[in-house]
Amino acid sequence: GKVDLSCDVLVLGAGPGGYSAAFRAADLGLNVVLVERYATLGGVCLNVGCIPSKALLHVASVIDETAHFAELGVTFEPPKVDRVKLAAHKGKVVGKLTSGLAAMAKMRKVTVVRGYGAFVDAHHVQVELTEGEGQNKTGATQTVQFKRAIVAAGSQAVRLPFLPEDPRIVDSTGALLLDHAPKNMLIVGGGIIGLEMGTVYSTLGARLDVVEMLEGLMPGADRDLVKVWQKINARRFDRIMLGTKTVAAEARPDGIWVTFEGDGAPTEPQRYDLVLQAVGRSPNGRKIAADKAGVAVNERGFIPVDVQQRTNVPHIFAIGDIVGQPMLAHKAVHEGHVAAEVCAGELKDDEALAKTAFDARVIPSVAYTDPEIAWVGLTEDAAKAQGIAVTKGLFPWSASGRAIANGRDEGFTKLLFDKATHRIVGGGIVGTHAGDLIGEIALAIEMGADAVDIGRTVHPHPTLGESIGLAAEAAEGSCTDLP
Ligand code: FAD
């Protein structure tokens with residue numbers, strides 16, 4: 001067939017994985033085509049994920065913070081929230097970042113093709129061009145020939161099949177629009193995304209119910225961290241339904257009536273103004289005609305890859321949400337760099353570069369709730385399950401001068417060290433700014449640090465980050481005398 005464009009590397013999807021791969025490949029001297037169906041670059045993370053949610057969470061945390069200020073002798077007028085203006089602010093934040101990406105793509109001479117791409121064979125992708133793009137007409141297509149391809153087509157929210165189509169039933173994308181002002185709201189799924197959005201809506205005035213199939217909120221996080229979070233956040237919830245299934249829902253004029261199944265769950269259907277589905281995300285592996293290129297997709301829609309991000313087809317790579325858990329932007333970015341470097345190494349005969357592999361020991365997770373919960377490496381439960389004996393170092397923030405000065409001393413920092421090797425194997429923090437602190441623990445794990453390395457590293461006083469050094473000292477068994 002006819003070829004409209006040809007390139008060294010075609011990147012399918014312009015989320016954090018895709019744009020990182022495209023930019024790295026271009027920086028390494030390759031000729032890159034980046035295919036994206038949406039008008040802006042940035043994927044889920046920038047457009048409808050990480051960034052807009054954090055813009056709203058920041059506003060929520062300021063509102064929550066100032067609510068306590070009367071006790072400190074400072075009073076404000078109660079907040080008045082203009083949802084339209086707030087949504088516009090969120091849009092501006094997103095716009096600043098996505099237009100920045102467009103400028104960077106241009107600077108690097110990455111050719112962006114707007115439209116929906118699917119494989120034709122192992123060396124061609126056909127793009128159904130997005131309408132309204134310059135001379136593009138409906139039905140117009142472009143065929144791109146590539147030497148290497150990097151699939152970065154991401155994931156989308158799972159939809160529960162028994163929930164009816166109704167504007168009052170939303171996923172995270174719908175919730176971010178802020179065009180509902182619910183008095184009461186059900187969050188289906190007590191993971192990070194559900195609880196982050198719940199935090200925003202609760203601060204804006206909604207009472208929350210949350211239903212989670214598993215036995216605890218924030219699956220994956222250390223239970224001690226979640227306990228602290230739950231105590232501080234109890235005021236937001238009418239019900240926290242654990243070990244409970246959502247089994248049916250009916251849209252009526254007065255609300256969405258939802259039926260639950262589980263010990264202690266209400267036996268009668270409950271009425272909600274808004275229902276947020278946050279039960280996970282499913283990969284887009286089955287939507288790109290991967291089979292035409294011979295690329296294997298598993299039964300769940302993930303594309304299996306090796307440590308070089310290579311699929312079963314040696315010149316086709318995959319990165320980000322589409323290759324598996326954890327579905328996080330920082331994982332996608334690092335995988336994107338690996339895939340780009342391997343491609344460049346092979347195409348430019350650079351042996352060292354061609355040997356690049358993804359070998360991160362750990363990938364941190366953060367819930368940007370209030371307080372934040374952040375964790376990396378093993379939790380106590382995981383260590384036990386893997387038969388690894390650990391020494392624990394704990395530092396309660398009630399002994400942190402900075403946390404007390406901030407009026408937020410409910411948090412703690414926990415470090416876990418392998419008893420046999422003394423090296424740090426995991427850590428968790430619950431408290432304000434926990435997400436900004438966890439990187440140090442990730443670095444310590446990557447460097448193979450032990451408690452002495454961390455404890456003797458001079459941390460600035462008074463900071464929340466100091467709690468990491470002090471937790472390490474606690475594990476060493478030495479006493480700490482800094483307040
Ligand atoms: P995506 O970001 O999903 O990008 C894929 C891109 O490919 C999309 O732009 C899509 O339009 C495009 N595409 C797909 N198929 C085609 C096709 N056939 N043709 C053309 N284009 C196509 N992660 C964090 O690390 N931190 C957070 O704080 C965080 N918060 C989140 C909050 C919410 C509400 C949500 C939903 C997610 C959040 N995530 C967060 C997860 C994060 O957004 C994802 O892990 C990340 O976006 C994955 O990047 P990706 O490059 O793999 O794919």
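Biologist: Is Phe237 buried, exposed or partly exposed, and why?

Modeller: Let's count, keeping in mind that this is a predicted model. Phe237 has 16 other C-beta atoms within 10 Å. A buried residue needs 20 or more, and an exposed one has 12 or fewer. The count for Phe237 lies in between, so this residue is partly exposed.

Biologist: Thanks! Which residues is Phe237 in contact with, leaving aside its neighbours within four places in sequence?

Modeller: First, find Phe237 in strand β10, which covers residues 237-241. Then set aside the neighbours within four places in sequence, and the contacts of Phe237 are Leu208, Asp209 and Val210.

Biologist: Now to the strands. How many residues lie between β3 and β4 in their hairpin?

Modeller: Strand β3 spans residues 111-121 and strand β4 spans residues 124-129. They pair in the antiparallel sense over 6 bridges, and Tyr116 stands opposite Glu128 in β4. The number of residues between β3 and β4 in the hairpin is 2.

Biologist: And in β5, which residue is the bridge partner of His124?

Modeller: Strand β4 is also joined to β5, residues 141-151, by 5 bridges, and these two strands run antiparallel. Look along β5 for the bridge partner of His124, and you will find Gln145.

Biologist: Lastly, the ligand. How many residues of the shell around the ligand are charged?

Modeller: There are 38 residues around the ligand, and Gly13, Gly15, Gly43, Gly154 and Gly320 come nearest. Elements giving two or more residues to this shell include α1, β2 and β3. The shell divides into 20 nonpolar residues and 14 polar ones, while the number of charged residues is 4.

Key. Residues are numbered from 1 along each chain as its sequence is written. This is a predicted model: local features need pLDDT of at least 70, side-chain atom pairs count only at pLDDT 80 or more; totals for chains, interfaces and linings use all residues. Helices (H or I, at least four residues) and strands (E, at least two) are DSSP runs, numbered from the N terminus. Two residues are in contact if their C-beta atoms, placed from the backbone, lie within 7 Å. Two strands pair if DSSP finds at least two bridges between them. A residue is near a molecule or strand if its C-beta atom, placed from the backbone, lies within 6 Å of it. Ala, Val, Leu, Ile, Met, Phe, Trp, Tyr, Cys and Pro count as nonpolar, Asp, Glu, Lys and Arg as charged, and the others, Gly among them, as polar.
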